[in-house]
Amino acid sequence: MRGTTRTVAVAALSAVALLAAGCGNSGSGSDTETTAGSKTGGEITIRGCNPQNPLVPSNTSETCGGNVLDAVFAKLVHYDPETAKPANDIAESIETTDNQNFTIKIKKGYKFHDGTEVKAKNFVDAWNYAAYAPNAQGGGYFMTPIEGYGDLQCTGDGEDPCAGAGKAKADKLTGLAVTDDYTFTIKTTEKVSNLPVRLGYTAFAPLPDVFFTDPKAFGDKPIGTGPFKLDSWTKEQSIVLSKFADYSGEFKAKVDKVTFKIYADADAAYNDVLANNLDVTDEIPASALIDDKYKSDLPERNAQKETGVIQYAEFSPTKVDPNVADPKIRQAISMAIDRPTIIKQIFNNTRVPATGWVSPVVDGYKAEQCGEFCKYDPAKAKALLAEAGGYKGEKLTLSYNADAAHKEWTEATCNSIKQALGIECVATGVVDFSTYLKQLEDRKMKGLFRLGWQMDYPAIENFLAPVFATGADSNYMDYSNPAFDKLLVEGAAATDPAASNAKYQEAEALLAQDMPAIPLWYGKTTMGWSDKVTGVKITAFGTIDLASISLK
């Protein structure tokens, strides 16, 4: 969720250019604390939250589980924690001459936590498992570009679309083939110019042979390839990791043990950092952002950085709530939200008003894609709402997960909508993120619901395809626009980065017409830590770089 390359010919691009095509900027602001006086070993604690699903890489598409898996699994590609620039990790080389046929060579001797060696088949088997629809893997969508993906999908209806005539035609992707123990090939259905950039995402992690003997047991205690191995997971309480002594990569851990302590709200975690009962929190509550209180609370023990994160208020699918089906109503609601004031009063200017659906930190970002619909204008909002025939519902709900700092800003957003449009708007909390996502998956939420998007890999495409493409895993709005989907395909096929970005920008512009989700603000991640640790870094993805932290 969230860097040694070899040069090869790729339509006049080198492998370096391929990997750099989707890279973003590191943002601004201090993101490190001096490591002077640090030591190796010891234990640290970090704020965690409840993973939605068992910890299988291809079925984890949210940050609560993703933050853990990023430490537990190394992938073919590693993203620089500060810049997100990709470079090879398990991969020895990624080569292509046409952006459609790729040869992957992996390094010899890379070990899983059970001591077995990582082989080419561990990637191919994992990706086939992810793509095979009956396995119901949320991250299976990321295998879509690989040839044969369609034959692994189910076509039936009802509660079991894989039953009867709807069964998948195949269980293996024709576009994957093992050449030898350390080499495999990928063939994509269409040209995919940024495929190497994508391969550092969690869904592309390898799986050891033992996974396939008992996937359920594996999900409770995954066996990965990363600098940390998972020791225990006590549901609702903690997830404990320890340093993997035989870790094969270049990004070794400094501490011996990391405990993710699961909190029900951001204030409790923050107060524990103040009391030195928690070493790092990756979320500062709204109460501590006012007048930069966190800076005086945690002098020399805080950091802030612009990251590849965006916050949305998304609309329920039409079949769930027809009252928000008209794009004009959606556009009016967007124009009724006073982003600058909310950011100033609630976030103390630690966010940036969004002008589109793509984060400014990635290459290809284009400002003002949302146009007037992301500008606060109560008069125009009222006129547009009237043109659409008004809002027919009794009230508009804005749902959020209550285990993070969303209460204040969702209430402020509802107040802004109510004042501008006269619509009764109510912010409604759901106990935790896991429960929240389950309700979204079951299409039980009406009106608006808040979701943030943290980039999986540094590319403009990642802010569009996984969220807004027809049938995409994170498309909880059930948004579908054939013209949008077509532009995504054309953007992926373009060999020139500028031409590719232009197609994605065209696709993004369509979102302003349809407004399936309201862009609210771009992320600045703010963190705080205890006086016991040093070397705390905020990655370009807005996460904690666990490998850099040490005890003083």
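Which cysteine does a disulfide join to Cys414? That was my opening question, and I kept in mind that I was looking at a predicted model.

**Entry 1: the disulfide at Cys414**

I found that the partner is Cys425, with the two sulfurs 2.1 Å apart.

I wanted the total next, and the count came to four disulfides. How are the bonded cysteines paired along the chain? Numbered in sequence order, they go 1-2, 3-4, 5-6, 7-8.

One of the four joins Cys154 to Cys162, with an S to S distance of 1.9 Å. The torsion about that S-S bond is about 85 degrees, so I wrote it down as right-handed. Cys154 and Cys162 are both buried.

Another joins Cys370 to Cys374, and here I read 2.2 Å from S to S. Its torsion is about 80 degrees, so this disulfide is right-handed. I looked up the accessibility of each cysteine: Cys370 is buried, at a relative accessible area of 2%, and Cys374 also counts as buried, at 7%.

In what order do the four strands of the open sheet lie? I read the order as 4-5-7-6, with antiparallel pairing. The edges are strand 4 (91-96) and strand 6 (176-180), each of which pairs on one side only. On average, neighbouring strands here are turned by 20 degrees against each other, if direction is ignored.

I noted for myself that strands of a sheet pair through backbone hydrogen bonds, either parallel or antiparallel. Then I took a closer look at one pair. Strand 5, residues 101-106, and strand 7, residues 183-187, run antiparallel and are joined by five bridges. For one of these residues I looked up the partner: Lys105 is bridged to Thr183 in strand 7.

What packs on this sheet? I found helix 3, residues 120-131, touching strand 5, strand 6 and strand 7. The direction of helix 3 makes about 170 degrees with that of strand 6.

Side chains of opposite charge can pair when their charged atoms come close. Which residue does Lys121 pair with in a salt bridge? I found Asp125, with the closest N and O atoms 3.0 Å apart. Both residues lie in helix 3, four residues apart, which is about one turn of the helix.

I also checked how open the pair is. Lys121 is partly exposed, with a relative accessible area of 36%, and Asp125 is partly exposed as well, at 24%.

How many salt bridges does a search of the whole structure find? I got 26. I followed up on a couple of them.

In helix 8, residues 293-297, I found Lys293 and Asp297 four residues apart, again about one turn of the helix. They form a salt bridge whose closest N and O atoms are 2.8 Å apart. Asp297 is partly exposed at 22% relative accessible area, and Lys293 is partly exposed at 39%.

Salt bridges that share partners join Lys121, Asp125 and Asp209 into one network.

Lys532 is partly exposed, with a relative accessible area of 39%, whereas Asp279 is buried, at 3%.

Methods. Residues are numbered from 1 along each chain as its sequence is written. This is a predicted model: local features need pLDDT of at least 70, side-chain atom pairs count only at pLDDT 80 or more; totals for chains, interfaces and linings use all residues. Side-chain values use heavy atoms; hydrogens and water are left out. Two strands pair if DSSP finds at least two bridges between them. Helices (H or I, at least four residues) and strands (E, at least two) are DSSP runs, numbered from the N terminus. Axes are lines fitted to C-alpha atoms, for helices over the stretch in contact, and angles run from 0 to 180 degrees between N-to-C directions. Contact means heavy atoms within 4.5 Å. A salt bridge is a side-chain nitrogen of Lys or Arg within 4 Å of a carboxyl oxygen of Asp or Glu. Buried means under 20% relative accessible area, exposed over 50%, partly exposed in between (1.4 Å probe, protein chains only). A disulfide is a pair of cysteine sulfur atoms within 2.5 Å.
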